[in-house]
Amino acid sequence: MTSIRPTPEQEAALAAFRTGDHLVLQAGAGSGKTSTLRAMARSDRRPGMYIAFNKATATEAKRSFPPTTIPTTAHSLAWRAVGHRYQARLNGPRISSAKLAAILGISTRSTRIGSRDLTASALCYTAQQTVLGYCHSADADITAAHVPQLRGVDNQAGHDKLTDLVLPYAVAMWTDLKRTDEGRIPFKHDHYLKMWALGEPTLRGNFLLLDEAQDTNPVLEKVFTAQRGHAQLVMVGDSAQAIYGWRGARDVMSRFDAPARTLSQSFRFGAAVAVEANRWLAIAGQPLRITGAPHITSTVTTPASGAPTTSTVIHPQAILCRTNGGAMTEILGQLRSGRRVALVGDGKALQDLALAARDLQNGRRSTHYELMLFSSWGEVQDYAQYDPTGRDLQPFVDVIDEHGVDIVLATLAQLCREHDAEVTVSTIHKSKGREWTAVRIADDFPEPEDPEHTDINGTPLPAPIDPGEARLAYVAVTRAQHHLDLGGLSWINRHPDGNPVAA
């Protein structure tokens, strides 16, 4: 912002910061959030701290923020205070779920919960996830609230039985994890973060800038807000991009008691993409509306009627998917077309799912967290097709059934690095913070349907769009700079909630 004139909204945010009051800054997609935070830091010569969402962002900030402001992450702070004591345990060997179950004294006999058999390995994994849920929370003790829901255990009675089984093992795990030596449970970074937070640390700095606040776990929220008495707190992010609720994150910005300012002028895309973004913001119930950059020309297209979404005139630079199965479908299609393909991330999640499918097809139980409660591949197929909670697995099941595990694994081996690729495939969650010139939305964004209400032909009528799904769509469409192919989201044009006038 030293070389580019600030927008009136950025000037207003800077003026609010200079008052010394706490501040919430809602920053829409591509609206110059980082440059605004940098200007805040440069405007105050007092010591400050910028808490970034990940290490890469903090490292980049060190090159541009003033020396009086320390860019860091919550894990870096926790490592220096507590985590370094556990370095030997972090570098410990891998332990199989079966061996870990034996360490905890979990019986090797499977436990029946409803229609599912819970193996010792699955019970052990659930105890680990319970500890992780506790680590993400602001709670002082492990309770039933931290026991995760498992696929296939969909009723309260089953979950209560699971909770009774898991809690004692989770408590035993946490007792082991607190040992700096001779501990036997695998130690992770979130474990020392929780220990640090339980110590009620004081963060140094006259002002603290918390980035990506909409995806903050309660454990960090509690640490951050506890600094209110001695430091000026600035929460910055985009509530409409809160898409990590499934892993414990929550939008802390909406509950933080402080004046609010907004950045709505996007520098990433032009008016056409902004209109599409605003449609999804309206559906998500978000007050923010974005203005496109006047110097950028952008277009939004939809597939021709009856044509598959892959038949686009403009080759996309990126294809964004809702699920891992959808990503696999796109990778296969692009490789068949002779294009060099990259996947955001290392592809391990897809590989692990494929290997889990192979185990089930060969009559072996899988330890994969998505499939560990199923005793056969047929159970997974039925679950994906007939159970509403398994609908997101359908693209993956279709890929395995059509191509087979061996082809899926061979396909993943053909992926290249992004800078060598002609097209990049990504899930929406992995695409956050990214942008591409031309983006196509993949087919695995199903139109919500109400099976209990049908038209005269028996076709389910459209159901209301879940706000969480609308936020995912908002993140997806705002990754595009110049061209957006709505692709798998094109159904919004005929959906009752999709009237552009409402946006």
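**A guided look**

Reply: Let's begin with G338, which sits in the loop between α12 (324–336) and β11 (341–343); helices (H or I, at least four residues) and strands (E, at least two) are DSSP runs, numbered from the N terminus. This is a predicted model, where local features need pLDDT of at least 70 and side-chain atom pairs count only at pLDDT 80 or more, while totals for chains, interfaces and linings use all residues. Residues are numbered from 1 along each chain as its sequence is written, and side-chain values use heavy atoms, with hydrogens and water left out.

Me: Is G338 buried or exposed?

Reply: Buried means under 20% relative accessible area, exposed over 50%, and partly exposed in between (1.4 Å probe, protein chains only). The relative accessible area of G338 is 57%, so G338 is exposed.

Me: How many salt bridges does the structure hold?

Reply: Side chains of opposite charge can pair when their charged atoms come close. A salt bridge is counted when a side-chain nitrogen of Lys or Arg is within 4 Å of a carboxyl oxygen of Asp or Glu. The number of salt bridges in the structure is 21.

Me: How many residues apart in sequence are the parts that D176 and R89 tie together?

Reply: D176 and R89 form a salt bridge, with their closest N and O atoms 2.8 Å apart. D176 lies in helix α8 (residues 156–177) and R89 in helix α5 (residues 87–90), so the pair ties together parts whose separation in sequence is 87 residues.

Me: Which residues are linked in a network of salt bridges with K432?

Reply: K432 and D215 meet through their side chains in a salt bridge (2.5 Å, N to O). This pair links distant parts of the chain, 217 residues apart, and both K432 and D215 are buried. The network links K432 with K33, D211, E212 and D215.

Me: Which helix gives the largest share of the lining of the second largest pocket?

Reply: On a 1 Å grid over the protein atoms alone, a pocket is an open set of points where a 1.4 Å probe fits, with protein on both sides within 12 Å along at least five of seven lines; lining residues have an atom within 4 Å of a point. The second largest pocket is lined by 14 residues, with M49, L77, R80, T202 and R204 nearest its centre. Both β2 (48–52) and α4 (74–81) supply at least two residues of this lining. The largest share, 3 residues, comes from α4.
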